[in-house]
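Have the viewer open as you read.

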Amino acid sequence: MIVGVPKEIKNNENRVGMTPAGVFELVKNNHTVYVQSGAGEGSGFFNQDYQKAGATILDTIGQVYAMSDMIVKVKEPIAQEYDLIQKGQILFTYFHFASSEALTKAMIKSKAVCIAYETVEDEDGTLPLLTPMSEVAGRMAIQQGAKFLEKPVKGRGVLLGGVPGVAPGRVLVLGAGTVGIQAAKMAAGLGAHVTIMDVNMKRLRQVNDIMPSHVVTEFSNEFNIRKHIQTHDLIIGGVLLKGAKAPNLITRDMLKDMRPGTVIVDVAVDQGGCVETTKPTTHEDPTYIIDDVVHYCVANMPGAVPYTSTVALTNVTLPYVLKLANMGWRSACKLDKSLSMGLNIVEGEVVYKEIAETFHLEEPVLV
Ligand SMILES: NC(=O)c1ccc[n+]([C@@H]2O[C@H](COP(=O)([O-])OP(=O)(O)OC[C@H]3O[C@@H](n4cnc5c(N)ncnc54)[C@H](O)[C@@H]3O)[C@@H](O)[C@H]2O)c1
């Protein structure tokens, strides 16, 4: 199969859909890989790295789309790319169709085979191609939180690890899922005192088993949250209700109970946030202050560390890319139930129930 890797053209997107390691594996399996010139630069991978791995570099995005059977990328195609997509071409990338009717209509019109990273689903309901980005965001939340606790950026002026003779900072983590566990781990590694809360007792038991003793678990309810926000320096929002808006666990009136300079990193901002006063921010201007509480609400946190994010993402996408290239999408999806869950739009038909419902379309049965 001929596989194409275009350069991402969405604003501020520095990740790339394939690393030289992925090219190497595909070429080893007798496939041809076309990489757009400069596609990997934002992530630290250069044309010569791809060439050494066996790829051919093409000058323009138009050539990559025109010459490939399958396009592997990171973000959904944007309007400039719509007309480049070929009938029957496989597009393997994040799409998030439910948030854009324009994109959905364009992909229906393109008659391409759209396989969405975010809906590839394992039997236990986990989303293997979303997990690495949550891992990145969870770990980064502590790095960012520690920075914004510094006084010059209006934080409390607390060093998370403390020093001998001074107690460490206190971190409250809401949600003990992927984001929450990674955040707790990083905070604990810095020596901070960590309280992690969830409504899922199974999760809390797991955390309790694997974390050091300065990571304390507590059941998540309003009473406990109101108590802890008064004594914690950094609060991480990592809750998720699948397919729904995140619950407002911290309401506006609760901000006045926090100490001035408390920092909230609401990672769940992409689902509306778990703090009432959350509104999305960017890496250029990541924070704002309400009632002396610093809010960090960047909706695409992994974008700031494109090298790590690209490698983490492509580690998990590559096995599927190989399957699709080796078998073609029909056989690959027949044999791999998880991958078949990624099929969203196939040759002009929406085949994913939630997307069809969102836009009141008929969901046909795939043959
Ligand atoms: N901002 C970013 O750049 C970025 C990057 C990656 C992920 N995210 C977002 O981070 C959020 C968390 O993702 P995840 O992968 O960790 O999800 P996850 O499903 O692994 O974990 C979510 C946890 O929240 C818990 N929860 C639900 N209701 C709760 C409540 N009332 N109190 C406490 N805990 C509760 C769940 O039981 C679960 O353990 C999602 O909204 C995700 O989209 C954002």
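Domain bounds here come from an automatic or database domain assignment. For the protein chain, that assignment gives domain 1 (2–120 + 306–358) and domain 2 (131–304). Taken over C-alpha atoms, the centres of domain 1 and domain 2 are 33 Å apart. Nine residues from domain 1 and six residues from domain 2 make up the contact, where two residues are in contact if their C-beta atoms, placed from the backbone, lie within 7 Å. On the side of domain 1 that touches domain 2, four residues are nonpolar, four are polar and one is charged. In this scheme Ala, Val, Leu, Ile, Met, Phe, Trp, Tyr, Cys and Pro count as nonpolar, Asp, Glu, Lys and Arg as charged, and the others, Gly among them, as polar.

A word on what you are looking at: this is a predicted model, in which local features need pLDDT of at least 70, side-chain atom pairs count only at pLDDT 80 or more, and totals for chains, interfaces and linings use all residues. Residues are numbered from 1 along each chain as its sequence is written.

Now to the ligand. Which residues of its shell are the closest? They are Ser134, Ala137, Gly175, Gly177 and Ser220, out of 32 residues that surround the ligand; a residue counts as near if its C-beta atom, placed from the backbone, lies within 6 Å of the molecule. By class, this shell has 19 nonpolar, 10 polar and three charged residues. At least two shell residues each come from α6 (131–148), α7 (178–189) and β8 (193–198). Such helices (H or I, at least four residues) and strands (E, at least two) are DSSP runs, numbered from the N terminus.

Let's stay with two of these elements. The axes of α6 and α7 come within 7 Å and cross at roughly 35 degrees; axes are lines fitted to C-alpha atoms, for helices over the stretch in contact, with angles running from 0 to 180 degrees between N-to-C directions. Among the residues making this contact are Ser134 and Ala137 of α6 and Gly180 and Met186 of α7. By class, the contact of α6 with α7 has eight nonpolar, six polar and two charged residues.

Finally, turn to the strands, which pair if DSSP finds at least two bridges between them. Strand β6 (residues 113–116) runs antiparallel to strand β14 (residues 343–346), joined by three bridges, and Val113 has Val346 as its bridge partner in β14. Val346 also stands opposite Glu349 in β15. β14 and β15 form a hairpin with two residues between them, and Glu347 in the turn has a positive phi of about 45 degrees.
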